[in-house]
Amino acid sequence: MKKDIIHLLALTAILLWSSCCTNKVKPVIEPDKDIETRIEKILSGMTLEEKVGQMAQITITVIQNNDKDGNPQWIPSMLDSVITKYKVGSILNVINEQAQTRKLTSDMIKELQEKSMKELGIPCLYGLDQIHGASYIADATLFPQEINVAATFNREHAFNMGEVTAYESRAALNPWSFSPTLDLGRDQRWPRLWESYGESEYLQAEMGKAQVLGMQGDDPNHLDAYHMAVCIKHYMAYGVPVSGRDRTPSSVTDIDMRERYFEPFKECIQAGALSLMVNSASNEGLPFHANYEYLTEWLKEGLNWDGMIVTDWADIDNLYTRERIANSRKDAVRLAINAGIDMAMIPNDWQFCIDLVELVKEGAVPMSRIDDAVRRVLRLKFRLGLFDNPVWDLTQYEKFGSEEFRQKSYQAALESEVLLKNEGEILPLEKGTRILVTGPNGNEMRCLNGGWSYTWQGDKANDYTAHFNTIYEALRREYGSANVRYEAGVQYVPGFGKWQQENWSEASIDRAVQAAKGYDVIVACVGENSYCETPGNVEDINLSQNQKRLVRALARTGKPIVLVYNGGRPRIINDIEPLAKAVVNVILPGNWGGDALAALISGRENFSGKLPYTYPRYINMLSTYDYKVSEVSATMEGVYNYDARIDVLWPFGYGMSYTSFEYSDLKVNKANFTSEDLLEFEVK
Ligand code: BGC
């Protein structure tokens with residue numbers, strides 16, 4: 001009897017504990033009752049096939065081609081398969097794989113929505129990678145890349161970028177973007193470093209939150225026609241592959257994962273982020289797409305977040321074909337959906353739909369999991385207002401491509417370019433200075449923009465940007481065309497897939513050297529051509545040998561060199577940096593980056609950018625600002641006589657201006673203190 005009572009008490013205690021614990025976290029977004037009621041009503045009338053269709057996302061190239069005149073069109077039979085038969089709820093990607101006008105994009109998306117509403121009574125969710133502005137809409141306002149926005153250390157620019165991106169995407173009927181990127185760029189070899197806000201989780205989180213608020217506004221339940229849903233990505237630790245190559249495994253401990261890599265995602269979710277994309281790779285042997293703990297426990301339960309989780313490109317398949325933790329494509333679907341994936345970026349066929357229906361019928365995926373996923377998909381569509389307005393009034397976007405937006409981008413570019421060296425105060429260059437501009441980055445809009453600019457690899461950017469100024473063109477405007485000449489020396493080979501190829505010869509370098517003799521200053525523009533994702537992997541993080549050869553030859557003229565670095569990640573330049581009097585890192589400043597540089601070099605504006613990453617000096621000394629004290633030790637005495645040190649070219653946060661600062665008289669109000677005390681510091 002006594003034992004029974006004890007059992008009963010114990011059971012009651014467990015029940016009380018578990019009910020208080022499952023509900024203990026307040027929902028991160030307070031649900032809207034009306035939306036929830038409408039979701040339940042729709043869900044209760046849906047077949048399994050309809051539900052599974054909502055969890056599927058297909059790429060646009062499956063359902064679109066060109067007519068005989070080269071104009072994009074839907075393929076009716078494929079639309080019937082995708083929308084009518086498989087009831088697919090989401091389409092991604094840009095028409096014809098390159099930025100299209102607002103008009104063309106919106107005309108086609110309108111037809112897609114009409115089809116979806118007619119066949120399913122549910123709007124289609126159209127997602128694009130609008131990465132630094134509405135980068136897939138021609139004539140939209142492109143901003144500097146996220147890495148530059150980080151270099152401003154100014155949240156306002158992240159907010160502006162988000163707000164303008166949303167406005168101009170909505171103006172083309174696109175309500176959902178796969179941005180912002182919150183990967184901590186902590187490995188300088190990694191080809192996607194520039195897509196994020198740099199190496200610090202604090203900077204990343206602060207900038208990310210500002211961008212989320214700019215894109216979504218402050219009511220995540222009801223976005224208006226000027227705001228769009230974000231998809232924060234790539235959850236998480238994507239930027240620290242052990243190999244330094246894209247989409248390869250990381251090896252992060254749980255503590256680091258929680259305290260560092262989770263942090264920006266958590267902060268953005270708390271700011272209202274409505275959807276999230278998962279890291280393609282794996283950590284300590286387990287792919288993120290199959291990680292129940294990270295997807296379901298940390299995000300959905302731990303934060304009590306009712307947003308939607310989408311895979312990255314083909315990443316359910318990859319559990320079978322690349323990661324090999326599933327024994328078939330179908331088994332991969334089981335693993336991913338049970339781990340907490342709500343939508344599959346399949347993206348090329350509809351086998352996912354067939355497999356998932358079977359898995360539910362076989363009892364391998366519970367119906368409750370499907371319902372949870374579909375609720376999240378429908379909720380996102382409701383929050384975007386798509387059920388009531390699958391298309392909206394496109395005459396209300398008079399600020400599209402406006403001067404107001406342009407100014408915002410220009411200002412961000414201006415604050416993002418980093419002055420790293422200015423020996424003998426060679427900068428600013430006074431009016432009338434005769435300048436030779438050289439190097440492969442001196443006359444290319446493509447390089448200023450980087451990847452995700454009009455196309456995935458950014459390789460067609462020059463076709464869209466003739467009306468913008470390259471560095472050379474901007475310097476001509478600043479100093480007068482008679483004073484500025486361009487002689488490339490080394491040039492990039494244009495075209496898709498060739499970003500690492502360069503054209504040069506002894507003769508082309510010599511032409512630049514001879515030209516330099518007639519000028520006062522050499523502005524040598526070096527760095528990288530545009531690239532994106534895995535194609536951006538490099539074998540050697542050194543700046544290309546051709547470009548180094550060019551700078552060395554120029555230095556032999558004795559003319560002062562201003563080295564302008566323009567690229568997505570810091571390439572090693574320790575051997576040519578001493579040859580330059582000044583160094584400016586413009587990173588990837590976008591369409592107004594050349595104009596901003598000219599204004600800064602002439603002193604019309606002052607530098608204020610700071611490095612958002614650590615610039616390494618040596619290949620075998622890649623580091624971040626928060627390395628462990630144990631990584632630096634004095635020379636050990638005795639037989640070994642070794643030392644361990646960290647020696648970087650420029651640390652995270654470094655950046656000069658034309659103003660000199662001096663400080664003195666540092667004082668603190670207490671000499672003895674405990675951890676409870678508040679200290680006050682004073683400095684002149
Ligand atoms: C990238 C994502 C992107 C997706 C859709 C993937 O290859 O990793 O960042 O959002 O493609 O284009």
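Are Tyr565 and Tyr615 buried or exposed? Both Tyr565 and Tyr615 are buried, where buried stands for under 20% relative accessible area, exposed for over 50% and partly exposed for values in between (1.4 Å probe, protein chains only).

The model is predicted, so local features need pLDDT of at least 70 and side-chain atom pairs count only at pLDDT 80 or more, while totals for chains, interfaces and linings use all residues. Residues are numbered from 1 along each chain as its sequence is written, and side-chain values use heavy atoms, with hydrogens and water left out.

**View 1. Aromatic pairs.** The whole structure contains 25 aromatic pairs. Rings of Phe, Tyr and Trp (its six-membered ring) pair if their centres lie within 6.5 Å; planes under 30 degrees apart count as stacked, over 60 as edge-to-face and the rest as tilted. Phe382 and Phe387 are stacked, at 3.9 Å centre to centre and 15° between the planes. Phe382 is buried at a relative accessible area of 7%, and Phe387 is buried at 12%. The pair of Tyr565 and Tyr615 is edge-to-face, because the ring centres are 5.9 Å apart and the planes stand at 80°. Tyr565 belongs to strand β19 (residues 561-566) and Tyr615 to strand β21 (residues 615-616), so this pair ties together parts that are 50 residues apart in sequence. Strands here are DSSP runs of E with at least two residues, numbered from the N terminus.

**View 2. An aromatic cluster and charges over rings.** Tyr235, Phe262, Phe265, Phe288, Tyr294 and Trp298 are linked into a cluster by ring pairs. Arg258 lies over the face of Trp298, 4.6 Å from the ring centre. Elsewhere, the charged end of Arg170 sits over the ring of Trp392, at 4.5 Å from its centre. A charge sits over a ring if NZ of Lys or CZ of Arg is within 6 Å of the ring centre and within 35 degrees of the ring normal.

**View 3. Strands β7 and β8.** Strand β7 (residues 231-235) runs parallel to β8 and is joined to it by three bridges; two strands pair if DSSP finds at least two bridges between them. Tyr235 has Val278 as its bridge partner in β8. Strand β8 (residues 275-278) is covered on both faces, with Ser275 and Met277 buried on one side and Leu276 and Val278 buried on the other.

**View 4. An open parallel sheet.** Five strands form an open sheet in the order β6-β5-β4-β1-β12, with parallel pairing. Its edge strands, β6 (176-177) and β12 (344-345), each pair on one side only. Two bridges connect β5 (residues 125-128) with β6, and Gly127 stands opposite Trp176 in β6.

**View 5. Salt bridges.** The structure holds 56 salt bridges, each a side-chain nitrogen of Lys or Arg within 4 Å of a carboxyl oxygen of Asp or Glu. Arg247 and Asp246 meet at 3.2 Å, N to O. Arg247 is buried at 15% relative accessible area, and Asp246 is buried at 3%. Arg322 is partly exposed at 31%, whereas Asp315 is buried at 2%.

How values were computed
Helices (H or I, at least four residues) and strands (E, at least two) are DSSP runs, numbered from the N terminus.
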